[in-house]
Amino acid sequence: MHRNPGRQSLWDITRREALSRSALGIGWLAAAALLAEDGAFAAPAAKAGNAEPRGLNPRAPHFSGRARRVILLFQHGGPSHVDLFDHKPALAAHEGKPVPGGVEAFFDKQDSSKCMPSPFRFSRHGESGMVMSDLLPHLGACADHLCQIRSMHTDLNDHEGALRLFQTGKGRVGRPTLGAWVTYALGTQNRNLPGYVVLADPKGFQVDGIKNWSSGWLPAIYQGTPLRSEGSPLFDLDPPERLARKPMLRQAQLELLTALNERHRRELPHLTELEARIANFELGANIRETVIAAMDTAPESVETHRLYGTDQKETAAYGARCLMARRLLERGVRFVSVFNDLIMGDPWDTHFQHNERIRTVAKNVDRPCAALISDLERRGLLEDTLVIWAGEFGRLPVAQGKDGRDHNRHAFTILLAGGGVKAGLTYGRTDDFGYKVQENPVSINDLQATILHLLGLDHEELTYRFSGRDESLTDAEVTKAQVVDELLAT
Amino acid sequence: VPHKWAGSITAADSTRLAVYSIVVIGIWTGLTTLLIAAEKTVRFEEGVQSILRKRCFGCHGDDRTRRKAELDLRTAATILKGGVSGPALVPGTPDGSLMWKQITTGKMPPQPADRLTPQELAVVRAWILGGALSKTAGSDEGIADVDRNFWSFRLLAHVTAPKVNDPNSVATPIDRFLLARLEAQGLSYSPPADRYALIRRASFDLIGLPPSPEEIQAFVADNRPDAYRRLIERLVASPHYGEHWGRHWLDVVGYSDSNGYHRADTPRPLAHRYRDYVIRSFNDDKPYARFWLEQLAGDELVSRQQLQTYSPEVVKLLVATHFLRNGPDGTDSTEGNEIARTIERYAVLEQQLRITMSAMFGLTIDCARCHSHKFDPIPQTDYYSLQAVFYPAFNVKKWVAPKDRSIHVAPREQLAKWQTASKRCDQEIERLKQSFAVWAAAHRSREFAGQLQGKRDELDKAVKAKEAARPGKPGEIAWVTDQSAEPPVVPLLKRGRYFEPGAEVAAGTLSVLCEPGERLTIAPPESGAPTTGRRLAFARWATRRNSRAAALLARVQVNRIWMWHFGRGLIDTPENFGARGLAPSHPQLLEWLATQFMEGGWSTKMLHRQILLSNAYRQGTRPTTKALTVDPDNRLMWGYPVHRLESEAVRDSLLVAAGAFDRRIGGPAVDFAQSSDGQCVVPGDEKRETGSGSRRSVYLRHRRSEPIAFLQTFDQATAEPNCIQRSSATLVSQALVMLNSRFANAMADRFAELIWAEAGMSVERRIRRAYLIAYGRLPAESEAERAYRFLASQTTRYRNAGAADGPAAMSALSDYCQVLLSSNEFLYVR
């Protein structure tokens, strides 16, 4: 694995710093699991077939992968590929006429199902000549770092189903999300921060809410932890008013608590989870600073703030989350999911007033996403950070009603960057209308297999025994998921 | 040891193996001749798979990371596909089959101890000779005796409790089963728990609440020989018993007050009737078999005539069917096309079947939706036959959305009263409209045009007011019933695909739990209910005594009851009693308990008594060095298994300690609210005024999309779709909540005020009272001293920080109380 020397030193400092922050230097969420790794903890809750309990300790992948951490810039609602990436001049030629053979619309009652050309200009970017529309000028400027997959397709046409398929490998509820799998597989590199962090709009959660970072039937320690980008990042970080600004009083309380817990533990020496609990109280009292420091963007330069657009109204909130995501990744967080601002609900779900709305949303995400990629790049983090820019499906080439676009599960475009992805590549092709995939189809499960592969994980080997079955993210036996080798950098 | 098909073998090995193979070949020739003479066609699933599972799966089974030579021996198809050395067998030709050569020449399995016995070899050979057949997907053939004889699918075995060396340690037969195993390891029970520990343990266990200081002192002082038995009887008779054990059941069935699935997560405003039905059923010790009959087919037990009267008994039966609505159901808020609608409807059916099968039989049958189950003897046809049992109520083609699955079941007089009131309302509205019409007719000319709109608005307003005053139709309940007595056509779905229907399937059940040739007999319900009778037939089949189904039903529930008592079941996979589940730690005990359960009239309270009166339950937890060496996991029960309280019990006992526990039972779900920082909290939980209270956790509104923060932090059940075993994680967030949350701090303050008021001015008495409330025991002298020192020094610190004497002492007491409530002793039951 090649590493940029600058990055390495940064990494080491962060790590050392992190370890020294906590006197104990153990477990963020589950110290019990750490003890388990030392063989001290006979966990009664350990499920059959998962005999070797894993905590959050960093673990080696199955083979050496290029990516060490992941940031998922999830674009919920279903971004319109025919307006953003996949230029279809045929739509103009067929304007007002139906797509030959018809299309599958999500909503039954369609006033119009006629081709609606994109009003946006498309141009080539960078040395690779990657085509993107003028809605995304900043991402366009990063084109040579990007890999554009135009042949994505999914099975489900409703938001929840398609989201679950994207996050968990199946459209059903109750399965663990990609971030949970990755954290389960690789642990985390900074135990004073959660291994899997979620940064969502403080106004509320997008479609399917907390299921987007569920650990499903994986142990709860692999669940995503939402950190709030405004106000106190975690709940219950601050002591009650009675004790506010009186650290001596809290200290005395904690000393008494430790004494009581130690006495209790001496009577039950075989119950090692008690030790973890004792440690957690001390850790709980210490983490405040760690989390707040990680989330505080004030130390970032003015130039960086400008880069992410935190100084402009339309990008301030989303830009801040992208910047926080970078700070968290630097500090060893394994997986960060950043969710969009809620603009009329799911921002990309443009069933009406499509052209105006997509312009607003594109403006909202373009600069921050591009900033994140170039910022990671200049810090030497991009080569081992996998960036995923994707929604749950695409949109139809035809009009819905007067001026909307309905869901399209048969074809859509996503972006990947960094982490061993072939930069500058445009992969796959759709038909003349952008309705269906014509060349090199990539299923959601293929994408998941590829993401895991980039992290050095074999999607068929990464399993968890649940209810008598070795479950995996891709369930390749059923879904026939395969790593898409063409997407990998050589 | 590296081993592949062509692995290296030492000289000594090969000599030994050569001898072994000759002997083996001699024997198998004889045996297979017999088998072939009987013209028995062996299928892969009839013994071959279980032999290979035992002998070969270690390196050629589920675990891909450990798989050698890329050879997967789990199914006939993967064997035919073979590994790095090519196909492992040639159907019909054992001698030309690589696998056969390997196992007969002793090369495989590599460890001599693992090698196949002559009988096993004979089975494998017969199988290859017969063409290496396996069950074909979609056929219910192939359920063989060997499948039916799997330990969990067998009829209940009548076992007798073993003899033990130390009969003095035996209080109930349970002790014999446990002690026999302990003694074999040179272990014994821990010394009995003291009375303080015992009453706290039994209280949390049976009613989910801590004992009050008065109850503790009364029990400790009770010198009657049956004091403990009286305690148990008092607890199982408490109305809080049903709340606690009902909550366990709600986990199993995936209860929720919302529909889940979509972001809308629409409410189920009537679900609480089912929750209360469950609580009452436990309080009444409803026989478990009857409980199932009502939940699966309560509507089919009600005759048309009874349906007119709506006696409480009838209403109860109808409410029970809400069991079938517990799974996520997004069809209230489905938008989208026919495909989306169909998928979501099937999802409801599938989740419901999943919940039913896991709750009744501890089986996961989802795999059989697309193909016959790989590991358990569940053909795909069984899946759809089961689906056909529930389909008449959940007809995908004639769907009823959850909001429309309700019925008004008020008694006649009440309904008549409502009808009168409602009619009066109609009349009044009619009168208003008429007077408007009269006015309008009289004022047709243009000059009144300006007034017309005003008059119309006036009318609308008046009508709206009348409508608002209209009394709601009484007695609405949410239920499930068949849409018609006419059975619909239910197709098998090829490969589980919704738009590829296959042949029609008849309603049926799990073949492996039937005797060969047995079928589900379906008849119209004798009650005359307008239903197909399918669910009723299924429920009767499942609960028929001395059947395979009832045996499994009993084993699964008895194991869960054991788990809810001890924190861990006799089987570590309570959600899976199939081939992939783990074997029970005490199989004989499980059989015995299941038999007691079934033959004792399916009484849950009887089981509680059996368990709680055992010495196993009454022992303390004193790990000896030997116990920790021989059985560090306490699987043999050398001590009472200490465990953490469940989330509801943590919250409820905080409320109890603070004197803020509202003891009311039943009723509509209690709403939670979003706090200013976006957490879901119970408003009553943060109140500080003495006298205010908050309801028990089981009554809090459960929304799949918005978990209540406190309960979620302590691992409440995940209703996705149901939860057979909760996790018990150790999270930093748990520490943060106890130290910093408004709820925990409000409770600590109120706990302190309570003690202050109850124990008067003596600090010693306050400390004793606090210990009794939080830990259920009195402090040792050293503990009391430490507490005293803390209170004194913390009071001084508050005073130094500027507080007056009274408030300083009060704040110090709050700090102290918070420490007690945050400590492990409060959180754990021992």
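This briefing covers aromatic pairs, charges over rings, cysteines, cavities and one loop proline.

The model is predicted, so local features need pLDDT of at least 70 and side-chain atom pairs count only at pLDDT 80 or more, while totals for chains, interfaces and linings use all residues. Residues are numbered from 1 along each chain as its sequence is written, chains are lettered from A and ligands numbered from 1 in the order in which they are written, and side-chain values use heavy atoms, with hydrogens and water left out. Over all chains there are 44 aromatic pairs and zero disulfides. Twelve cavities of 30 Å³ or more are found.

**Aromatic pairs**

- Rings of Phe, Tyr and Trp (its six-membered ring) pair if their centres lie within 6.5 Å; planes under 30 degrees apart are stacked, over 60 edge-to-face, and the rest tilted.
- Over all chains, the structure holds 44 such pairs. Phe150(B) and Trp151(B) form a tilted pair because their ring centres are 6.3 Å apart and their planes lie at 40 degrees.
- Phe150(B) is partly exposed at 25% relative accessibility, and Trp151(B) is buried at 18% (buried means under 20% relative accessible area, exposed over 50%, partly exposed in between, with a 1.4 Å probe and protein chains only).
- Tyr771(B) and Tyr775(B) make an edge-to-face pair, with 5.1 Å between centres and 85 degrees between planes. Both belong to helix H31 (residues 763-775) of chain B and are four residues apart, about one turn of the helix; helices (H or I, at least four residues) are DSSP runs numbered from the N terminus.
- Tyr771(B) is buried at 1% relative accessibility, and Tyr775(B) is buried at 4%.
- A cluster linked by ring pairs includes Trp249(B), Tyr255(B), Tyr274(B), Phe323(B), Phe597(B) and Trp602(B).

**Charges over rings**

- A charge sits over a ring if NZ of Lys or CZ of Arg is within 6 Å of the ring centre and within 35 degrees of the ring normal.
- Arg201(B) lies over the ring of Tyr640(B) at 3.6 Å from its centre, and over the face of Tyr617(B) at 5.8 Å from the ring centre.

**Cysteines**

- No disulfide (a pair of cysteine sulfur atoms within 2.5 Å) is found over all chains. For Cys370(B), the nearest cysteine sulfur is that of Cys367(B), 8.6 Å away.
- Cys370(B) is partly exposed, with a relative accessible area of 26%, whereas Cys425(B) is buried at 7%.

**Cavities**

- A cavity is a set of points, on a 1 Å grid over the protein atoms alone, where a 1.4 Å probe fits but cannot get out; lining residues have an atom within 4 Å of a point. Grid points are joined across faces, edges and corners, and a volume is the space filled by probe spheres set on the points.
- The largest cavity has a volume of about 120 Å³. Its lining has 15 residues, of which Arg247(B), Leu700(B), His702(B), Leu711(B) and Gln716(B) lie nearest its centre.
- The lining of the largest cavity has six nonpolar, three polar and six charged residues (Ala, Val, Leu, Ile, Met, Phe, Trp, Tyr, Cys and Pro count as nonpolar, Asp, Glu, Lys and Arg as charged, the others as polar).
- The second largest cavity holds about 90 Å³; among its lining residues are Glu243(B), His244(B), Arg247(B), Asp652(B) and Arg696(B).
- Helix H12 (239-253) and helix H27 (647-657) of chain B each supply at least two residues of the lining of the second largest cavity.

**A loop proline**

- Pro377(B) sits in the loop between helix H17 (338-361) and helix H18 (380-390) of chain B, and is buried at 7% relative accessible area.
- Pro377(B) and Asn576(B) are 199 residues apart in sequence and 13 Å apart in space, C-alpha to C-alpha.

Note on methods. On a 1 Å grid over the protein atoms alone, a cavity is a set of points where a 1.4 Å probe fits but cannot get out, and a pocket is an open set with protein on both sides within 12 Å along at least five of seven lines; lining residues have an atom within 4 Å of a point.
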